[in-house]
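Colleague: I would like to learn how to read a model like this one, feature by feature. Can we take the backbone, then the fold, the core and the pocket?

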Amino acid sequence: MSNFTKNLGRSMLTCFLLVSLGVGSVFAQTTISGTVIDADTKETLVGVNIIVKGKVIGTISDLDGNFTLNVNQEPPFTLIFSMVGYSSQEVEIREVSVI
């Protein structure tokens, strides 16, 4: 085998390994889920906007007040909850428990 072929093979193997290692971190996500309720009445709230502070990632609560949000970063980060007729509320997510 010529030196060119050996070097090309090593270069391709190195590129493959670097890409393989980087792909895992690209797909690493944190999933946050919960139910939004009114603090006074304890009723679930429909259509609450939930966004990650400083990002363009968000969701809204469903008809039962439930939400699920996939975030492509590890905690800590802050979620902002907002809805017409209510004051916005910020909640810091420090750690995520695995269920």
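Colleague: Where does Pro76 lie?

Modeller: Pro76 lies in the loop between strand 4 and strand 5. This is a predicted model, and that applies to every value we discuss.

Colleague: What kind of peptide bond joins Pro75 and Pro76?

Modeller: The general idea comes before the case. Most residues other than glycine have a negative phi, and most peptide bonds are trans. Pro75 and Pro76 are joined by a cis peptide bond, with omega at about 10 degrees.

Colleague: Which phi does Lys42 have?

Modeller: Lys42 is not a glycine, but its phi is positive, at about 65 degrees. This residue sits in the loop between strand 1 and strand 2.

Colleague: Why does Lys42 count as exposed?

Modeller: The cut-off for exposed is over 50% relative accessible area. Lys42 has 56% relative accessibility, so it counts as exposed.

Colleague: Which other residue of that loop can we read?

Modeller: Take Val46, which is also in the loop between strand 1 and strand 2. Val46 counts as partly exposed because its relative accessibility is 38%. Leaving out residues up to four places away in sequence, Val46 touches Ser61, Asp62, Leu63 and Met83.

Colleague: Now the fold. How many helices and strands are there in the chain?

Modeller: The chain has one helix and six strands. Read from the N terminus, the order is α-β-β-β-β-β-β.

Colleague: What do the contacts in the chain say about sequence separation?

Modeller: Take the contacts between residues at least 6 apart in sequence. Of these, 44% join residues at least 24 apart. Thr68 and Gly34 are 34 residues apart, with 6.8 Å between their C-alpha atoms.

Colleague: Is Ile32 buried or exposed?

Modeller: Ile32 belongs to strand 1. It is buried because its relative accessible area is 9%, and the cut-off for buried is under 20%. Beyond its neighbours within four places in sequence, Ile32 is in contact with Phe67, Thr68, Leu69, Phe77, Leu79, Ile93 and Val96.

Colleague: Thr68 is in that list. Why does Thr68 count as partly exposed?

Modeller: Thr68 is part of strand 4. Its relative accessibility is 48%, so it counts as partly exposed. With neighbours within four places set aside, Thr68 is in contact with Thr31, Ile32, Ser33 and Thr59.

Colleague: What share of the chain counts as buried?

Modeller: The chain has 99 residues, and 19% of them count as buried. The chain exposes about 7600 Å², with 58% supplied by carbon and sulfur atoms.

Colleague: Which residues have the most contacts inside the largest nonpolar core?

Modeller: They are Val36, Ile50, Phe77, Leu79 and Phe81, in a core of 13 residues. Strand 2 (49-52), strand 4 (66-71) and strand 5 each give two or more residues to this core. Follow Phe77 for a closer look. Setting aside neighbours within four places, Phe77 is in contact with Thr30, Ile32, Val52, Val71, Val91, Glu92 and Ile93.

Colleague: Last, the pocket. How is empty space found?

Modeller: Rolling a probe the size of a water molecule over the atoms shows where empty space is left. Here, the largest pocket holds about 360 Å³ of space.

Colleague: Which residues lie nearest the centre of the largest pocket?

Modeller: Val36, Ile37, Leu45, Phe81 and Gln89 do, out of 17 lining residues. Strand 1 (30-35), strand 5 (77-82) and strand 6 (89-93) each give two or more residues to the lining.

Colleague: How do the residues of that lining divide?

Modeller: The lining has 10 nonpolar, five polar and two charged residues.

Note on methods
Residues numbered from 1 in each chain as written. Predicted model: local features only at pLDDT ≥ 70, side-chain atom pairs only at ≥ 80, totals over all residues. Heavy atoms only, no water. 1 Å grid on protein atoms, 1.4 Å probe; cavity = no way out; pocket = protein on both sides within 12 Å on 5 of 7 lines; lining within 4 Å. Points joined across faces, edges and corners; volume = space filled by probe spheres on them. Helix = DSSP H or I, 4+ residues; strand = E, 2+ residues; numbered from the N terminus. Nonpolar A, V, L, I, M, F, W, Y, C, P; charged D, E, K, R; others polar. Buried < 20%, exposed > 50% of the residue type's maximum accessible area, 1.4 Å probe, protein only. Contact = heavy atoms within 4.5 Å. Areas by Shrake-Rupley, 256 points an atom, 1.4 Å probe, with all protein chains shown as cover. Core = buried A, V, L, I, M, F, W, Y, C linked by side-chain atoms within 4.5 Å.
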